[in-house]
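Please examine the sequence and the three-dimensional structure shown below. The paragraphs that follow lead a new reader through selected features.

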Amino acid sequence: MATKDVNTASSARDVRTIDEVVEVIATTAPEIRTGLPSRRVAAEDQNPSGETQMAADIWADELLCERIGALEGVGEYASEERPESIDVGNGPLSVALDPLDGSSNLKPNNTVGTIFAVYDAPLPAHGRDIVAAGYVLYGPVMTMIVARDGSVDEHIIYDDASYELVREDISLPENGSVYGFGGRVPDWTDEFEAFAREVEQDDSRKLRYGGSMIGDVNQILTYGGIFSYPALESAPEGKLRVQFEGYPIGYVLETAGGASSDGTKSLLDVDKDELHARTPVYIGNSDLVAKLEAALE
Ligand SMILES: O=P(O)(O)OC[C@H]1O[C@](O)(COP(=O)(O)O)[C@@H](O)[C@@H]1O
Ligand SMILES: [Mg+2]
Ligand SMILES: [Mg+2]
């Protein structure tokens, strides 16, 4: 489960590269947001996970690949939308993205986001190789969460691509008050369902689930509580991808003093060497994640 035991950049060059990656993510966000209205339609292709891509998924991926690939310190780029990682230079760091998380939410106009992770290793990399991670949320306000150097910060991104630090060193609130669980209920395991019912019975907590992981995770970072996209009867590895969703979210939550788990151990300790491998995802306050792990035993 583990909290606050995360890796950070060790050289001045890597620190500068992370600054540049964050800058690209932030300054590209208004452009991505402006380009979404005309791209809320399905594309012809499927992504490597077999899901229908939206035009916006492919477009955001290409835009970010071009800009992140141009950074001197970045050697490899990968995303949920392309089968293989690509060599983009000789830099020592790798960047993995979910260019638009929750893109099925574009149609009903709910939150979507861009998730990024910087790894100090070739791809597919391990969770313990992450040196910075975060995400942009294209909500009513554009916000960017950045976890690095043991701190999680929130910025507001403005339409002119400037951004402002608004919350520093965010800690997960104690006594978490929200929960959100993905997957079809009849497809949950008996153990997970029993745990979910117990969480629901606590009258200090409310359901908050929008179907875009990054929006749902940001609810937890804001109010505390627990989010899961669990192992399912029909899909024991769940739905979310280790490299593009599991590791970065684990890194953000653990840096904020919360916990992450695949059901038995920290998401950052998941060992999967396939770029598009999936994992069950459970994140939130440490006490709730510990209870969940005990319930799944
Ligand atoms: O449609 P479901 O099964 O509820 O899945 C929702 C989950 O799928 C996702 O949309 C997958 O992410 P992508 O949209 O990036 O493929 C998550 O954001 C979300 O938690
Ligand atoms: Mg996603
Ligand atoms: Mg996506």
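Predicted model: local features only at pLDDT ≥ 70, side-chain atom pairs only at ≥ 80, totals over all residues.

Pro124 is joined to Leu123 by a cis peptide bond, with an omega of about -5 degrees. Most peptide bonds are trans, and most residues other than glycine have a negative phi.

Between strand 10 (163-167) and strand 11 (178-181) lies Asp169. Asp169 is not a glycine, yet its phi is positive, at about 50 degrees.

Attention now turns to ligand 1. The space that ligand 1 takes up is the largest pocket. Which residues are closest to ligand 1? Of the 16 residues that surround the ligand, the closest are Glu80, Gly102, Met213, Tyr229 and Lys239. Sorted by class, this shell consists of 7 charged, 5 nonpolar and 4 polar residues.

The shell can also be traced along the chain. Among the elements, strand 5 (residues 93-101) contributes the most to the shell, namely 3 residues.

Several polar contacts may be followed at the level of atoms. A polar backbone atom of Ser103 lies 3.1 Å from an oxygen atom of ligand 1. From the side chain of Glu51, a polar atom is placed 3.3 Å from a ligand oxygen atom. In the case of Tyr209, an N or O atom of the side chain and an oxygen atom of ligand 1 are 3.5 Å apart. How much of the accessible area of ligand 1 does the protein cover? On its own, ligand 1 has 470 Å² of accessible area, and the protein covers 80% of this.

Notes:
Residues numbered from 1 in each chain as written. Chains lettered and ligands numbered in written order. Heavy atoms only, no water. Near = heavy atom within 4 Å. Polar contact = N/O pair within 3.5 Å; in protein donor to acceptor, adjacent residues only side chain to side chain. Areas by Shrake-Rupley, 256 points an atom, 1.4 Å probe, with all protein chains shown as cover. 1 Å grid on protein atoms, 1.4 Å probe; cavity = no way out; pocket = protein on both sides within 12 Å on 5 of 7 lines; lining within 4 Å. Sits in = over half its atoms within 2 Å of the grid points. Helix = DSSP H or I, 4+ residues; strand = E, 2+ residues; numbered from the N terminus. Nonpolar A, V, L, I, M, F, W, Y, C, P; charged D, E, K, R; others polar.
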